[in-house]
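Colleague: Before we discuss this model, could you show it to me, and then take me through the terms used to describe it?

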Amino acid sequence: MLISLQNIKKTYTGDAENVIAVDDVSLSVDAGEFVAVVGPSGCGKTTLLLVAGGLLGPDGGEVTIDDIDPYSLSTEQRARFRAERIGFVFQQFHLVPYLNVLDNVMAPALVTGDPAARERADSLIERFGLGKRVGHRPGQLSTGERQRVALARALLNEPRVILADEPTGNLDGENSQEVLQTLQSFAQQGGAVLLVTHDPDAVAFAGRQVALSSGRIAENQE
Amino acid sequence: MKISRLIVQEIAHRFLNFVLAVTGVSIAVACLVASVTMIDAGEIQSEQLVAQRQQEVKDAGKKLNDEMRKITKGLGFNIVVLAEDEDIAAFHAQGAPTRTMPQDYVTRLANSEIVVINHLLPIVTRKVEWTEKKKTIVLTGTRGEVPQAHRDPKKPLLDLVPKGKVVLGYQLHHPDKLKPGSKLTINGRALEVAKCHAERGTVDDVTAWVNLEEAQDMLGMQNLVNAILALECNCATIDRVAEIRGEIAKVLPGTQVLERGRKALARAEARNKAKKTADAALESAEESGRQIIESRKAQANVLVPLAVIGSFAWIVLLAVGNARQRRGEIGILRAIGLGSRHVLVLFLGKALLVGLVGGGIGYVAGYMIGTGYSEPVQESLFDLNWLLIALLMAPALSAAASWLPALVAAGQDPAVVLQEQ
């Protein structure tokens with residue numbers, strides 16, 4: 001299993017009351033799988049994604065990514081683990097505003113220092129049709145282009161896993177299709193994709209769908 | 001891509017933040033450098049002024065000594081060492097000593113370490129009848145000044161009178177219109193006039209100076225002298241004459257010492273007093289310069305720490321603002337793998353750059369302000385050490401001020417940031 005979440009529990013402690021975001025969720029994504037996690041807002045989808053991505057430690061349960069428990073690593077080791085094994089794609093793109101397309105795509109290489117990263121970045125930029133926008137900053141790009149830059153950044157270090165949180169939430173149909181096709185293609189090439197969405201069109205690209213409700217798995221279907 | 005590119009791109013993106021931070025550092029450094037430059041300029045200026053005053057006082061002192069020399073030379077020797085049995089009252093009454101002492105007394109005095117007198121001149125002198133002219137004259141024999149063993153040779157106040165020559169006082173040459181080269185006879189001894197003195201209004205006017213040996217021969221006083229003339233030093237002591245007497249008594253016990261020429265000495269003392277006043281004025285100028293510098297230092301002691309603290313606070317404020325502004329960006333960079341170490345480098349790298357640029361600009365500005373507000377001095381006020389200090393301390397200050405905001409930024413939880421957004 002590339003992604004293995006076993007009996008994950010996560011509770012947010014509040015002043016008035018505690019909120020159980022994820023309650024005893026177990027989920028596995030194998031190499032070559034594209035899994036969509038669906039559910040209404042506040043059902044714990046994003047929390048589950050952050051737990052899976054080594055960004056938010058669970059209160060209970062076990063997480064392994066590519067057979068490694070990221071939470072057994074130190075903070076610095078976990079950061080490098082994310083850079084090397086996981087690609088993130090977000091609804092808000094989260095590009096660095098003052099870096100141009102090339103630099104944004106190259107950002108994960110700051111950690112790995114991989115000399116081949118530049119070549120891969122150029123290749124990804126061409127692949128996503130951003131060749132003529134390479135010197136532009138995010139503010140000068142369309143939303144579709146920004147998400148393509150985010151995708152290229154996620155793929156730069158050739159991760160085993162891509163975690164996507166509503167990647168098509170701000171995109172039109174055509175750009176959504178392109179993003180989803182990319183994720184599908186990634187899975188088909190042996191990667192694992194965990195997509196969090198409530199977009200029915202996006203779910204259609206996934207091989208498996210997991211429905212969350214109030215932090216629990218309500219449905220798990222092929 | 002390297003972290004440095006990220007730093008430079010961020011600076012270019014938020015240039016105002018960078019400019020404001022650089023301005024803060026520049027002001028602190030400029031205050032420091034301007035203060036130091038002004039203090040340096042003040043010190044140099046003060047030193048130059050004092051040196052100029054010192055030279056003036058030195059010149060005045062030299063002039064004074066020269067005048068003293070002329071006065072004392074005009075006066076003649078003002079210390080007279082007389083034999084133990086000399087009747088001082090008779091000496092004053094007759095205008096010449098009557099008793100004798102061994103000639104080697106002068107050698108003992110010259111070979112001693114005595115410093116309170118100089119220009120030692122042994123004489124034999126006696127009031128005699130100039131039989132050829134039927135005049136009473138003072139016949140004085142001198143061999144010339146005896147060099148003092150422990151002192152540098154001085155230009156003699158009275159030149160040696162060669163054998164066969166005579167130096168005449170005014171009343172002895174004027175009536176007969178004698179001139180250097182004129183021949184005359186004194187009590188049977190043929191002599192040639194070597195020099196004729198101008199009128200002095202003293203006993204010198206009726207004195208004839210001849211060579212010591214000739215005088216001793218003429219007076220029947222072989223190897224004896226009546227007096228040793230000397231010139232007292234222009235030393236500042238409480239009781240000069242007593243000191244001279246004490247010193248001479250150690251070498252020539254029993255001899256008597258008289259001081260002559262009080263009026264001239266009073267004049268010399270007045271000049272000494274004037275020199276003391278000049279010295280005091282010089283000290284006052286030095287003290288005034290010191291006070292100005294101390295005042296500038298006191299101002300700098302307040303201004304510089306204030307500027308540094310103000311700059312520190314300003315940079316902290318800007319760094320906190322910058323960290324808050326970059327919260328989302330740092331969150332995503334952390335999410336995609338940058339460690340807290342990388343984030344620290346991002347913030348501290350920028351802070352160091354701010355310090356370096358601010359230090360450089362601040363040094364130039366401070367130097368220009370410092371030189372602009374100081375009186376022009378000949379020497380260059382540029383100090384490489386202060387430039388290096390500015391270029392090292394300003395980045396250190398900036399980094400220290402950014403340290404806490406950088407730590408906060410580096411420690412922020414990317415999950416929290418991503419959930420917020």
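**Terms and values**

Modeller: Helices α6(A) and α7(A) are roughly parallel to each other. This is a predicted model, in which local features need pLDDT of at least 70, side-chain atom pairs count only at pLDDT 80 or more, and totals for chains, interfaces and linings use all residues. Residues are numbered from 1 along each chain as its sequence is written, while chains are lettered from A and ligands numbered from 1 in the order in which they are written.

Colleague: Why are α6(A) and α7(A) called roughly parallel?

Modeller: Helix α6 (residues 143–155) of chain A and helix α7 (residues 173–188) of chain A pack at an angle of about 10°, with their axes 10 Å apart. Angles under 35 degrees count as roughly parallel, over 145 as roughly antiparallel, 65 to 115 as roughly perpendicular and the rest as oblique, and therefore α6(A) and α7(A) are roughly parallel. The axes are lines fitted to C-alpha atoms, for helices over the stretch in contact, and angles run from 0 to 180 degrees between N-to-C directions.

Colleague: Which residues make that contact?

Modeller: Gly144(A), Gln147(A) and Leu151(A) come from α6(A), and Asn175(A), Val179(A) and Thr182(A) from α7(A), where two residues are in contact if their C-beta atoms, placed from the backbone, lie within 7 Å. These residues divide into 2 nonpolar, 4 polar and no charged; Ala, Val, Leu, Ile, Met, Phe, Trp, Tyr, Cys and Pro count as nonpolar, Asp, Glu, Lys and Arg as charged, and the others, Gly among them, as polar.

Colleague: What makes β6 and β11 of chain B edge strands?

Modeller: The open sheet of 9 strands has the order β6-β7-β5-β8-β4-β3-β10-β1-β11 (chain B), with mixed pairing. β6 (183–186) and β11 (256–259) of chain B each have a single partner strand, so one side of each is left without a neighbour in the sheet.

Colleague: How do you know that β4 and β8 of chain B pair?

Modeller: Two strands pair if DSSP finds at least two bridges between them, and 5 bridges join β4 (residues 135–142) of chain B to β8 (residues 207–211) of chain B, which run parallel. Leu139(B) stands opposite Ala208(B) in β8(B).

Colleague: How many residues of chain A are buried, as a percentage?

Modeller: Buried residues make up 51% of the 222 residues in chain A; a residue is buried if 20 or more other C-beta atoms lie within 10 Å of its own, exposed if 12 or fewer, and partly exposed in between, with C-beta atoms placed from the backbone.

Methods: Helix = DSSP H or I, 4+ residues; strand = E, 2+ residues; numbered from the N terminus.
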